Structure formats: C-alpha cells, structure tokens
Amino acid sequence: MSEPGVAFEHPDVVLCPGGPMLLRGRHTVEDADGVPHETTRPVTAVCRCERSASFPWCDGTHKVLPPKLRPA
Amino acid sequence: MLTTAPTAVGDDAALALWVLHELHYRGFAGVDDGLEWEPTLLQVRGLLEADLERRLRGRWTPPQGLSFVDDALEWIDGQDGVSLARHVHRDADRDQVLDLLRVRSLYHLKESDPVSWLVPRLGVPAKAALMELQFDEYGNGDPNRLHHHLFATGMAAAGLEPSYDAHVDVVPLEVLEQNNTLSLFGLHRRLRGAALGHLAAFEATSSLPSRRMAEGLKRLDLPPEIIAYYAEHVEADAVHEQLAVRTIAAALLDEEPDLEADLWFGAFTCLDLEDRFARRMLDRWGVGEVAA
Ligand code: FES
Ligand SMILES: [Fe+2]
Ligand SMILES: [Fe+2]
C-alpha cells in the first residue's frame with residue numbers, strides 16, 4: 001500500500017525468469033569481445049539467453065527457445 | 001433523454017464512437033472543443049460503449065488457476081493468433097504494406113495516449129511503474145524519439161499523410177473497434193484493470209513481430225524512417241513487456257487484488273481484436289491464413 005514513509009522496492013537489477021535481466025539507469029555493458037555498449041533507456045533488457053539478434057540487448061528471442069535453453 | 005442505443009450498428013456505430021472518443025484527444029478542425037463534455041453526446045457515447053463492452057465481455061472466458069504476474073507472458077505466447085508480421089516479412093507486396101501502415105496509423109499516431117489516462121487513477125507504486133514505461137514511449141523527454149512521432153516521420157517518408165484522422169475512411173470495422181476499445185478502457189477508471197491487461201498483451205506481442213516487420217519493410221525497400229519505428233520496438237518492447245507484467249500489473253494487484261480478472265479480460269481482448277483484424281486484412285488482400 002502507498003503509506004508515506006515506507007520505502008518501496010526499486011532495484012537496479014531485476015532477473016526475469018526465463019528471460020532478460022532488467023537494468024535501471026545508465027550503465028555500460030561489455031560483451032564477450034570486450035566491446036562496451038551504453039544503455040539509453042530508463043530501463044534496459046539485457047539478453048541472458050545469448051541468442052538475441054540485438055545482443056547484448058534482449059529482442060524477445062528467448063521466448064521461442066526450448067525451455068532448457070532459457071535462462072533460469 | 002436517450003435510454004436505448006442508437007439504432008446504428010456495425011461500421012456506423014463504431015465510427016460514431018470513434019468520432020466521439022476523438023473529442024477527448026485532439027478533436028477535429030472546425031468542431032467546437034466544448035462538445036467534448038456536451039451531455040447528449042456523452043449519453044450517446046455511454047450507450048455505444050456499453051454495447052461494445054458487452055460484446056467484448058461476451059467473447060471472453062477467464063483462464064482457470066493462473067496468476068497474471070507469473071503466467072501472463074507464457075499464456076500470451078500460447079495464444080497463436082494470425083500474424084500479419086509473418087506475411088509482411090516474407091510475402092506481402094508494397095501496396096499491402098502501405099495499406100497496413102495506413103490502417104495502423106489510426107492507433108500508432110496516438111500510440112500510448114489512451115494509456116496515459118490511467119496515470120492519476122493508480123496508487124504510488126503502480127503509477128511510478130507505469131510512468132517508467134510511458135516515459136520510454138514518449139521518447140524519454142526527447143521529442144525526436146517519441147514513438148508516435150517516429151511513426152508519423154516514417155509515414156511521411158513513405159509518402160503517406162501522417163495525421164491520425166487522415167485514413168479513417170479506409171480502415172475496416174476491426175480497426176475502429178481496436179481503437180474504441182483502447183479509448184473505452186482508458187477513459188473509464190472502472191476499467192483500469194482491463195486497460196493494464198491490454199497494455200501487457202500489446203507489449204508482449206510486439207518485439208518479435210516488430211523484427212519481422214522491419215525485415216519485410218527492408219525487403220520491399222521502404223524508407224529507413226519507417227523501418228526505424230519497427231526497429232525501435234524490437235528492443236523497447238522487450239523491456240516494456242517485462243515492465244507491464246512484472247512491475248505494473250504486480251503493483252496494481254498488490255493494491256487492488258480484485259482487478260486480476262479484468263487484467264485477463266484486457267489481455268484476452270487485445271489478442272482477440274488483433275486476430276480479428278489480421279484475418280480481415282488477409283481477406284481484403286486475398287491471402288490465405290498465415291500461422292502465428
Ligand atoms: S533474454 Fe531475451 S533474447 Fe535473450
Ligand atoms: Fe511504442
Ligand atoms: Fe512499448
């Protein structure tokens with residue numbers, strides 16, 4: 001409930017079961033080749049299944065993978 | 001005093017409701033802005049809306065034993081409606097794609113606006129969560145990145161008139177119903193659960209289809225500006241679908257658990273209307289069914 005004085009949870013990192021990692025705020029994500037990628041949105045979805053065509057960002061590809069290839 | 005729905009049905013009723021709803025957005029050139037709150041028109045709007053809502057609810061059966069926050073994304077994935085994006089990706093010709101852009105423009109040129117009605121109606125966590133998503137839809141403060149502006153820019157580059165009432169004469173009934181439903185859900189505080197369920201389903205059926213749209217538009221040599229609109233939605237909606245379910249719907253249910261059924265109703269209705277729209281367009285182009 002919206003009680004004044006109560007702190008709400010608002011984590012910088014959220015792991016989505018079977019899908020991406022959400023990152024809040026500005027960050028630099030370095031891919032496996034050491035190339036840095038800057039986030040540009042208030043919240044960014046970082047690919048965890050490694051199959052995104054927009055890697056390192058999630059493009060929804062995790063949804064068409066068989067369950068065992070989807071991130072925990 | 002009007003007590004029964006006007007006798008208009010089908011296209012006429014849908015068009016009338018669309019016109020009445022538009023008075024709450026940007027109105028029409030040459031039409032008195034005061035008509036937005038004219039009691040007789042509000043009454044007609046109410047009767048047409050009641051009829052629309054009754055028909056939408058009549059098509060819906062609530063799923064059993066599922067939790068919206070935990071199960072909605074998977075449930076949405078499992079509803080295979082007809083996919084226009086698949087047709088655009090591989091087979092559509094240029095005229096079909098331009099036809100699709102014109103009819104989609106009715107919504108894409110005011111994308112996210114019906115959802116903005118909800119902001120004052122939510123508790124603190126749900127309101128903040130919704131604004132986190134909406135801020136991205138509105139370009140994060142940069143007008144050049146605002147999604148409905150990206151679509152307008154893309155339309156102009158493709159040689160299409162980019163104002164949102166320009167193509168109302170060529171849209172099928174299904175498009176008017178999609179738009180009327182968004183306005184109905186947005187304008188009635190009572191339907192805030194349905195509006196947020198609709199949002200979740202809309203966002204969760206966008207990333208992969210937007211990729212197919214972008215590829216199809218490239219195949220047909222459409223201008224980069226319209227391709228950019230779809231490319232933006234590949235990444236943006238991969239974020240938005242997670243936010244719509246895991247933060248916005250979760251926060252809403254935390255405060256108002258009774259709205260869970262309406263979240264499902266809204267999500268179902270979004271997919272159902274899109275499926276009916278997709279079938280209508282394939283029919284209009286003389287194309288057989290394309291699986292999701
Ligand atoms: S986690 Fe979404 S595409 Fe990899
Ligand atoms: Fe958008
Ligand atoms: Fe979105």
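Visitor: Buried area is the accessible area (1.4 Å probe) that two parts lose on being put together, summed over both. So what is the area buried between chain A and chain B?

Guide: About 2,000 Å², with carbon and sulfur atoms giving 55%. This is a predicted model, where local features need pLDDT of at least 70, side-chain atom pairs count only at pLDDT 80 or more, and totals for chains, interfaces and linings use all residues. Residues are numbered from 1 along each chain as its sequence is written, chains are lettered from A and ligands numbered from 1 in the order written, and side-chain values use heavy atoms, leaving out hydrogens and water.

Visitor: Which residues in chain A lose the most area to chain B?

Guide: Arg41(A), Pro42(A) and Lys63(A), together 30% of what that side buries.

Visitor: How many salt bridges between the chains?

Guide: Six. A salt bridge puts a side-chain nitrogen of Lys or Arg within 4 Å of a carboxyl oxygen of Asp or Glu. Arg41(A) forms one with Asp136(B), their closest N and O atoms 3.0 Å apart.

Visitor: Which residue bridges to the iron ion (ligand 2)?

Guide: Glu137(B) does, and the two ions lie 3.7 Å apart.

Key: Donors are N, O and S atoms within 2.8 Å of the metal (3.2 Å for Na, K and Ca); water is not among the atoms, so sites may look incomplete.
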